[in-house]
Amino acid sequence: MKKLNLIWTMILLVMAGCGGGNKQSTDAFLTVDVTANYPKKELILQDFLDVEYIPLETNDEFITSANIQSIGKEIMIFRNMNRGANDIFIFDRNGKGLRKINRFGQSGEEYTNVLGITLDEENGEMFVNNHYPGKVLVYDLFGDFKRSFKQRKDFFYDQIGNFDRNHLICHDGYVEYEKKDTKRNFFLIVSKQDGSIKEISIPYKEKKSPLIVLRNANGKIVNDRSIFNRELIPFQDSWILAELSADTIYRYSQDRKLTPFIVRTPSAQTMTPEVFLFPGVLTDRYYFMQVVKKEYDFKADNGFPRTDLVYDRQEKAIFECTVYNEDFANKPMSLVYEIPMFTMISKNEIAFMKRLEAYELVEAYGKGLLKGKLKEIAATLNEDSNAVIMLAKYKK
């Protein structure tokens, strides 16, 4: 019966998008034709999100390349992007440096390769994704070790979010070079205590990979490239799950209910090369998305052509979209691609966050391209200053 109900749901979803053009026939379901040419639309970021700028304190102890990891109500966690720089930095929400943590090493209580850090402010813990050993290390917010657990065997937790008080939500980013039977579930609910899991089942026919490989005349793989958009997006009190092999993007609620959110057409199963649809920033009015074509020119070293879309729930229509920050003249931004892939965002407050490099702001200030609070902050910076963090928050 559950399977039959799912089939009927899919039929209704597809029917909902058969009205043609960029108009949607109902607000209950959203259908996106990834091959369509939609009319263009320009938006100003501040018209639908509140923007806050936080300059990170710069001193001899707190010099960081400012790779944003997690932001809570009271603290922000960063790590250095440079390989071999294994410091974790804790700042308060005003940008003041609180402490620097380094637990790099080979013992069971130390990390060797940090892929991401997920904050659990309620429990006073941070979860460090120790990539190559396949472990998650749990520290308190002062860097004291509390416990660890192994990731599931043959899985690669590339995105980890804070689901509830007792659980994480994880995406498996494991991709096999050779085509094998990898039909399995790629989203997991994971216990914060021991790493035990519950799979989230999303139906699809055949696994589609974001990876493209280049082979020589003997068939040996000599290069590869992958699409690095996120498949796990926080939205209000739930999570958006985008399995590339499925034609439906789902919403997963706190009571663990899976409901269809967006349907793409034509099916990814019928396309060569595939065209994927990724969700991005989601607000009460706008759903930002990105269409990405699985094509790459290894000689030119470029590819994966992208088109940013937005669904306007008020107009019930889809547009090709460009967003501008009114504080930074002529600076377009993507509300999908520019979201750091490994960063998890605080739910119910922050729509997205972005690192603004000090040297870019200093240059823009000199050219008269900034205004408002961003201009005031840039006037105090030099090229060696720490970054400025832009928080885009839901309007209240």
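Trainee: How many bridges pair strand 5 with strand 6, and in which sense do they run?

Mentor: Keep in mind that this is a predicted model. Strand 5 (residues 75-79) and strand 6 are paired in the antiparallel sense, over five bridges. Within that pairing, Met76 stands opposite Phe91 in strand 6.

Trainee: And which strand does strand 6 join through four bridges?

Mentor: That's strand 7 (residues 97-101), and the two run antiparallel. Here Phe91 stands opposite Gly97. The hairpin of strand 6 and strand 7 has four residues between the strands, and Gly95 takes a positive phi near 90° in it.

Trainee: Is strand 6 buried or exposed?

Mentor: Buried. Five of the five residues of strand 6 are buried, so the strand is largely enclosed by the rest of the structure. Both of its faces are covered: Ile88, Ile90 and Asp92 are buried on one side, and Phe89 and Phe91 are buried on the other.

Trainee: Where do the two partners sit in the chain?

Mentor: Phe62 is in the loop between strand 3 (49-55) and strand 4 (67-71), while Phe89 is in strand 6 (residues 88-92). They are 27 residues apart, and the pair links distant parts of the chain. Phe62 is buried, with a relative accessible area of 4%, and Phe89 is buried too, at 0%.

Trainee: Switching topic: which rings have a lysine over them?

Mentor: Phe319 is one, with Lys41 over its face at 4.5 Å from the ring centre. Phe186 is another: the charged end of Lys207 sits over that ring, 3.9 Å from its centre.

Trainee: What about Lys192, buried or exposed?

Mentor: Lys192 is buried, with a relative accessible area of 1%. You'll find Lys192 in the loop between strand 14 (187-191) and strand 15 (197-200).

Trainee: What does the side chain of Lys192 make a polar contact with?

Mentor: The side chain of Asp120, at 2.7 Å. A polar atom of the Lys192 side chain also lies 3.3 Å from the backbone oxygen of Arg165. Leaving aside neighbours within four places in sequence, the residues in contact with Lys192 include Asn123, Phe127, Arg147, Phe149 and His167.

Trainee: And Gln314, is that buried or exposed?

Mentor: Exposed, with a relative accessible area of 59%. Gln314 lies in the loop between strand 26 (306-312) and strand 27 (317-324). The side chains of Gln314 and Arg285 are joined by a polar contact of 3.4 Å. Those two are 29 residues apart in sequence and 6.4 Å apart in space, C-alpha to C-alpha.

Trainee: Last one: which strand does the hairpin join to strand 22?

Mentor: Strand 23, through three residues. Strand 22 and strand 23 (residues 286-293) pair in the antiparallel sense over six bridges, with Leu277 opposite Val291. Eight of the eight residues of strand 22 (residues 275-282) are buried, so that strand is largely enclosed by the rest of the structure.

Notes:
Residues are numbered from 1 along each chain as its sequence is written. This is a predicted model: local features need pLDDT of at least 70, side-chain atom pairs count only at pLDDT 80 or more; totals for chains, interfaces and linings use all residues. Side-chain values use heavy atoms; hydrogens and water are left out. Buried means under 20% relative accessible area, exposed over 50%, partly exposed in between (1.4 Å probe, protein chains only). Two strands pair if DSSP finds at least two bridges between them. A charge sits over a ring if NZ of Lys or CZ of Arg is within 6 Å of the ring centre and within 35 degrees of the ring normal. A polar contact is a pair of N or O atoms within 3.5 Å; within protein, one must be able to donate a hydrogen and the other to accept it, and residues adjacent in sequence count only if both atoms are side-chain atoms. Contact means heavy atoms within 4.5 Å.
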